[in-house]
Amino acid sequence: MTIRVVIVDDQGMVRTGFGVLLNAQPDIEVAGEAADGAEGLRRVAEVRPDVVLMDVRMPVMDGLEATRRLLADAGDGAPKVLMLTTFDLDDYVYEALRAGASGFLLKDASATELADAVRVVAAGDALLSPSVTRRLIAEFSRLGGPRAPSRKRLEELTERETEVLSLVARGLSNGEIAGRLVVAEQTVKTHFGRILMKLGLRDRPQAIVYAYEVGLVRPGD
C-alpha cells in the first residue's frame with residue numbers, strides 16, 4: 001500500500017528536496033505540500049494523507065499549533081505527524097509530544113533515514129530516539145512533578161501492563177523490555193497494544209508523556 005505524505009515547511013528547497021527523495025520510493029507518494037501551518041491544515045483536509053512532515057517554526061501558524069489542531073478531534077483517521085527540525089529539541093519536545101507528534105526528524109536526514117522514518121510512523125510506531133526520551137525526562141524534572149492529577153485510567157491496566165508502561169516510559173525498547181521481563185518481544189507488543197487501547201493513547205510518545213504526567217514514573221527513577 002502506498003503511503004501518502006504531505007510536506008509542511010516554509011522553505012521551498014526543503015519541500016522540493018524531500019519531495020524528490022520520497023517520490024523516488026516505490027511505496028511513498030507526496031500528495032501535497034504547504035508553506036505554513038494554516039495552509040498545511042487545509043492541504044491535509046483536501047488530500048487526507050497518512051503522514052504529515054511538519055516543520056516546527058513557520059510563519060502564520062507554527063508546527064506545534066498546526067499539530068494540535070490537526071490531531072485534537074481527528075480520531076482514528078488522523079494522519080501521523082513527524083516533526084521536522086534543524087534546532088535543538090529542548091524547547092518544544094514536550095509540547096510536540098503532548099500535541100500528538102509521533103516523532104522527530106532532522107532536516108539533514110539522509111534519503112534512507114527520511115523514507116524509513118515515514119514508514120515507521122505510518123505503521124503506527126513512534127520515532128523517539130533515546131536522546132529525545134532523555135530530554136523529555138529532563139523537561140518533566142524541570143516542570144517539577146505530575147501535571148495530570150488523576151490516575152483513574154491506570155486502574156484499568158493489569159499489573160503486567162502497568163509494568164510494561166513504566167519500562168516504556170523509561171525509554172526501553174520492546175526488545176529490552178522483553179529481556180527484562182523474560183518474555184517474548186511479541187508478548188510485549190501485545191501488552192503495549194492493550195495499554196494504548198485501554199488508556200485511549202495513540203502511540204509510544206503519548207504513552208511516555210502520560211506515564212510521567214500521572215506520576216507512574218518520575219525523573220530519576
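H1 and H5 are roughly perpendicular to each other (the class for angles of 65 to 115 degrees, with under 35 as roughly parallel, over 145 as roughly antiparallel and the rest as oblique). I am working on a predicted model, where local features need pLDDT of at least 70, side-chain atom pairs count only at pLDDT 80 or more, and totals for chains, interfaces and linings use all residues. Residues are numbered from 1 along each chain as its sequence is written, and side-chain values use heavy atoms, without hydrogens and water.

**Entry 1: H1 and H5**

I looked up the angle and found about 75 degrees between H1 (residues 12-23) and H5 (residues 111-122), with the axes 10 Å apart. Axes here are lines fitted to C-alpha atoms, for helices over the stretch in contact, and angles run from 0 to 180 degrees between N-to-C directions. Helices are DSSP runs of H or I with at least four residues, strands are E runs of at least two, and both are numbered from the N terminus. Phe18, Leu21 and Leu22 of H1 touch Ala111, Leu114, Ala115 and Val118 of H5 (contact means heavy atoms within 4.5 Å). I count 7 nonpolar residues there, no polar and no charged. Nonpolar covers Ala, Val, Leu, Ile, Met, Phe, Trp, Tyr, Cys and Pro; charged covers Asp, Glu, Lys and Arg; the others, Gly among them, are polar.

**Entry 2: H2 and H3**

Next I took H2 (residues 37-47) and H3 (residues 63-72), whose axes come within 9 Å and cross at roughly 30 degrees. That makes H2 roughly parallel to H3. From H2 the contact uses Gly37, Leu41 and Val44, and from H3 it uses Ala66, Arg69 and Leu70. I note 4 nonpolar, 1 polar and 1 charged residue in this contact.

**Entry 3: H8 and H9**

H8 (residues 174-181) and H9 (residues 185-199) have axes that come within 8 Å and cross at roughly 110 degrees. That makes H8 roughly perpendicular to H9. Asn174, Gly175, Ile177 and Ala178 of H8 meet Glu185, Val188 and Lys189 of H9. By class I get 3 nonpolar, 2 polar and 2 charged.

**Entry 4: Asp55**

I checked the UniProt record, an unreviewed entry, which places "modified residue: 4-aspartylphosphate" at Asp55. UniProt positions are in the numbering used here, feature names are shortened, and annotations may be inferred rather than shown by experiment. Asp55 lies in strand S3 (residues 51-55). Asp55 is buried, at a relative accessible area of 3% (buried is under 20%, exposed over 50%, partly exposed in between, with a 1.4 Å probe and protein chains only). Leaving aside neighbours within four places in sequence, I find Asp55 in contact with Val8, Asp9, Asp10, Gly63, Met83, Leu84 and Lys107.
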